[in-house]
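Here are my comments for a colleague who is new to reading structures. Please keep the sequence and the model open while going through the points.

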Amino acid sequence: MKRILLLALLALTFCRLFATPESLSPYSPPLVKAFADNLYDQGFYQEAESEYKRYFFMTQTFQMDAVFKVLDIYFMQKNKTGLDWMNKELFPFCSPEVQKKIDFVNAAFIFKERNQKDFSDFFNRKKNEGLFAEGGFLSKEILLFTVSQQILNKEIKEAAQSLLTVKNEGEEVFSDFKLLYEDCQNYKLKSPGWALTFSAVIPGSGKWYSGNFWAGFSDLLGIASFTSAAVYYGKENGIKDWRVWTYGSMAALLYVVDLYGSYTGAQRYNQGNYNNLCKKVDGLYENLY
Amino acid sequence: MKTCIRLLSLLLFMIFSLNSAWAQKVSADECEQVFFYGENLWNKDCKKEAALEFLRYVFLQDYQKGSNLAKAYEYLSDYYFLVKDYDKALNYILLKENENPGSTGQALDSDFIREINIRAARAEKNKESLRLDLNLWTYRHTGDYSQKVQIAAWKALMINEAKNDDWNFFEEDYLTFINKYSHFFTTEEKEVIESSLEKIKAFKAKKPMLAAYLSFIPGLGQLYAGDVKDSLNAFALNGSLIGLSIYSICSGNVSDFMLLEFSPTVRFYRGNLYNAQKDSYEYNEKKRTELREPVLSILQAM
């Protein structure tokens with residue numbers, strides 16, 4: 001038996017000795033993949049993407065490292081079209097680990113569009129698929145999705161509450177969430193209705209309420225000046241004097257403009273605060289990716 | 001004995017297995033096909049796709065040395081020059097120069113001239129001076145390069161100085177150039193360049209701050225900057241507002257002045273001051289472009 005094995009080994013050795021090496025075609029899958037990796041490493045991302053796609057179509061296999069690199073490219077370039085293609089063509093054939101990564105990027109893109117309905121659908125779908133349980137997404141990813149949904153629904157206090165547990169644990173890895181928690185805690189809204197009411201009573205005070213002191217002050221000064229001039233000329237020369245009507249109209253016009261400005265100023269203040277909060281969450285997606 | 005034979009066989013088997021793995025490579029014909037395919041795409045104006053194929057050809061050099069690597073680098077350099085990525089264009093032309101050490105002088109000259117053009121385009125894009133470029137200095141001043149290359153380097157430098165309005169440096173370099181290559185410009189061209197230089201030296205730019213101060217009399221600053229239409233507009237508008245304000249104050253209608261006339265008068269008067277400054281900047285830019293044009297057209301035709 002041993003002799004037979006030994007003879008077989010010798011025969012095989014001599015066969016390999018005289019075997020001619022196979023040559024690869026430049027467009028063969030291993031070379032296409034190697035070229036794509038080379039392009040990715042050199043920073044030619046668009047070219048690398050097209051080579052990876054060629055590789056996928058040639059082999060009909062979706063190697064994890066190639067899929068991750070294409071996902072990286074789409075995430076870096078914020079390429080929604082590419083991600084949609086990935087969801088349609090690659091997602092069903094990928095391993096669960098790769099699918100979770102693609103889902104994370106999907107969540108980041110939907111949040112970036114501030115699409116409340118789509119994010120809610122995504123969140124509920126993933127919850128129903130059991131990805132929020134053990135073995136699914138990581139706990140910090142689940143927290144990020146939860147907080148993202150709450151922020152999109154404008155439930156900032158609830159988002160702060162969700163983050164509160166993180167703060168108490170004091171884990172280093174969640175330091176980014178602590179900053180978001182503080183922003184949520186300090187998040188204050190200005191009521192446009194109250195801004196309008198304040199300006200109706202004391203012109204310019206609605207803008208002070210929204211934090212714009214000098215605009216409110218100049219409105220107050222302008223309205224007071226025109227009103228007092230109209231009253232003065234009314235008393236001096238009677239109501240038929242052209243100045244009464246001119247100054248009176250200008251005072252009325254400024255008053256209406258101030259009311260509108262106070263209302264929209266409060267809205268703009270709220271929108272600005274909200275946008276800053278959303279940008280912080282976008283940053284969290286970048287960090288966690 | 002048997003153990004020795006077994007061990008020897010195993011060793012031989014391992015050696016030849018490895019060898020056969022190393023021996024897998026791309027055939028020379030197929031490698032060159034990639035280059036020719038790229039060239040075909042280039043000629044059909046599919047330059048982006050052609051560049052990808054040339055990149056693939058460069059990558060394949062690890063598997064099979066090709067005979068068109070220098071040409072591939074040249075195409076890549078041309079492509080990145082077209083898309084204005086001058087750093088990559090320069091990188092590839094330098095690779096081509098290193099790849100072609102044994103070429104005839106003709107091939108090398110065209111590479112150097114390409115490199116000079118890329119450096120000039122990059123300097124223009126980044127608004128830099130080529131005077132400090134060591135490579136260009138080497139091309140101009142060392143005798144290792146042909147006259148064609150030296151002239152191309154001088155041309156790039158002088159165009160760069162003309163576009164950046166560095167006329168003192170331009171004059172110095174122009175004089176050095178005509179001392180070295182006195183027959184390069186025709187007599188008419190030399191006269192045009194020299195008269196343009198005189199006009200440029202004699203040109204006195206309008207001072208924006210002086211235009212602003214003169215505009216304390218509305219319209220005078222714009223007139224100084226050469227814009228008669230703006231001057232009349234500013235004079236009429238500001239004049240009427242100031243006149244109305246003076247009338248209101250003199251007739252005792254201080255409230256009319258404060259509430260109706262003061263704010264528009266101040267705003268339009270301030271606008272008049274800024275407008276005079278803007279007019280003088282525009283005048284200077286227009287005049288410089290006019291004076292620069294004859295020199296640039298001669299240099300670019302070199």
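**Notes on the model**

1. A:Phe217 counts as partly exposed, because its relative accessible area is 35%, where buried means under 20%, exposed over 50% and partly exposed in between, with a 1.4 Å probe and protein chains only. A:Phe213 is also partly exposed, at 45% relative accessibility.

2. Please note that this is a predicted model, in which local features need pLDDT of at least 70 and side-chain atom pairs count only at pLDDT 80 or more, while totals for chains, interfaces and linings use all residues. Residues are numbered from 1 along each chain as its sequence is written, chains are lettered from A and ligands numbered from 1 in the order in which they are written, and side-chain values use heavy atoms, leaving out hydrogens and water.

3. Over all chains there are 53 aromatic pairs, a pair being rings of Phe, Tyr or Trp (its six-membered ring) with centres within 6.5 Å, called stacked if the planes are under 30 degrees apart, edge-to-face if over 60 and tilted for the rest. The pair A:Phe213 and A:Phe217 is stacked because the ring centres are 6.1 Å apart and the planes lie at 15°. Both residues belong to helix 13 (residues 213-237) of chain A, four residues apart, about one turn of the helix; helices here are DSSP runs (H or I, at least four residues), numbered from the N terminus.

4. In chain B, helix 8 (residues 147-163) and helix 9 (residues 167-180) have axes that come within 9 Å and cross at roughly 155°, the axes being lines fitted to C-alpha atoms over the stretch in contact, with angles from 0 to 180 degrees between N-to-C directions. Helix 8 of chain B is therefore roughly antiparallel to helix 9 of chain B, a term for angles over 145 degrees.

5. Is B:Asp111 buried or exposed? B:Asp111, which lies in helix 6 (residues 105-126) of chain B, counts as buried because its relative accessibility is 0%.

Conventions. Helices (H or I, at least four residues) and strands (E, at least two) are DSSP runs, numbered from the N terminus. Angles under 35 degrees count as roughly parallel, over 145 as roughly antiparallel, 65 to 115 as roughly perpendicular and the rest as oblique.
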